[in-house]
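Here are a few notes for your next look at this model. Have the viewer open as you read, and take the points in order.

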Amino acid sequence: MTKKTIAVSVTGLVAVVVLAAVAVWMFPVFKVSSFEVQGISHVDAAQVEEASGVAKGENLVRVDARAAASGVARLPWVKSATVSRAFPSTLSVEVTEHEAVAFRDKNKLIDAEGEEFAEDTPPEGAVEITGSAEPGSEEMSDAVEVVAALPQPLRAQVKSLEAKNAYSMIFHLKDDRSVFWGASEDNANKALAFETVLKMEGGQWNISNPELVTTK
């Protein structure tokens, strides 16, 4: 085979590939027939599918993955979303949801950054925050840090966290006891002290200095 013949063959092959690519782009050779949604527990798959703005039957190749992900991310519970194509016919959506660490006013959910993200029934383990802390404020961020410092089994025993100010945070327990936490500092050691005092008798505890716990 001569060089000229090889060149013609390669050119023909390239042309075929280009034409095939154009055909796939222009015509729905690969159609969206299913959605694969992962990472959801508070949002259902149907909501994600609708929010993506992509309809079944669309050309999978021409789906704007970034726009679809942005649409999903606008759902209240969704913190971020990634959309990708899984040929021949699936649109994959990976969702990261907000963690509802706390709530206020019965149903205003607050995430780990201290921001309100949705109005919904508080999930198990979310702690009600009362007091003067406003959403997005430093005081609210401090309060959320304090709540997040407690392991889930300890949070389950908490009725609310009263955030009076940055230096006065008080846990009110479901059994009517209270634990004065103080400021959001040395939280890991305070969490250990919190776990210890729950096993002891006493109605009011002060663990603001976890090395010198006191009670009334």
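**Notes on rings, a helix and an aspartate**

1. Searching the whole structure turns up four aromatic pairs (rings of Phe, Tyr and Trp, the last by its six-membered ring, with centres within 6.5 Å; planes under 30 degrees apart are stacked, over 60 edge-to-face, the rest tilted). Phe171 and Trp181 make an edge-to-face pair, at 5.5 Å centre to centre with 70° between the planes. Phe171 sits in strand β9 (residues 168-173) and Trp181 in the loop between β10 (178-180) and α6 (187-197), 10 residues apart. Helices (H or I, at least four residues) and strands (E, at least two) are DSSP runs, numbered from the N terminus.

2. A word on the ground rules: this is a predicted model, where local features need pLDDT of at least 70 and side-chain atom pairs count only at pLDDT 80 or more, while totals for chains, interfaces and linings use all residues. Residues are numbered from 1 along each chain as its sequence is written, and side-chain values use heavy atoms, leaving out hydrogens and water.

3. Is Trp181 buried or exposed? Trp181 is buried, with a relative accessible area of 0%; buried means under 20%, exposed over 50%, and partly exposed in between, using a 1.4 Å probe and protein chains only. Trp181 also forms a tilted pair with Phe194, 6.3 Å centre to centre and 50° between the planes. Phe194 belongs to helix α6, so this pair ties together parts that are 13 residues apart in sequence.

4. Now turn to helix α3 (residues 65-73), whose buried residues are Ala65, Ala68, Ala69, Gly71 and Val72. They lie on the same side of α3 because they cover an arc of only 160° around the axis, taken from the directions from the helix axis to the C-beta atoms. These residues pack against α2 (45-52), β2 (78-86) and β3 (90-97).

5. Finally, please look at Asp111, in the loop between β5 (108-110) and β6 (116-119). Asp111 is buried yet has no salt bridge, and Lys79, the nearest side chain of opposite charge, is 6.1 Å away; a salt bridge needs a side-chain nitrogen of Lys or Arg within 4 Å of a carboxyl oxygen of Asp or Glu. The Asp111 side chain does reach the backbone nitrogen of Glu113, at 2.9 Å. Beyond its neighbours within four places in sequence, Asp111 is in contact (heavy atoms within 4.5 Å) with His98, Glu99, Val101, Phe117 and Val144.

Methods: Lys, Arg positive; Asp, Glu negative; His and termini not counted. Polar contact = N/O pair within 3.5 Å; in protein donor to acceptor, adjacent residues only side chain to side chain.
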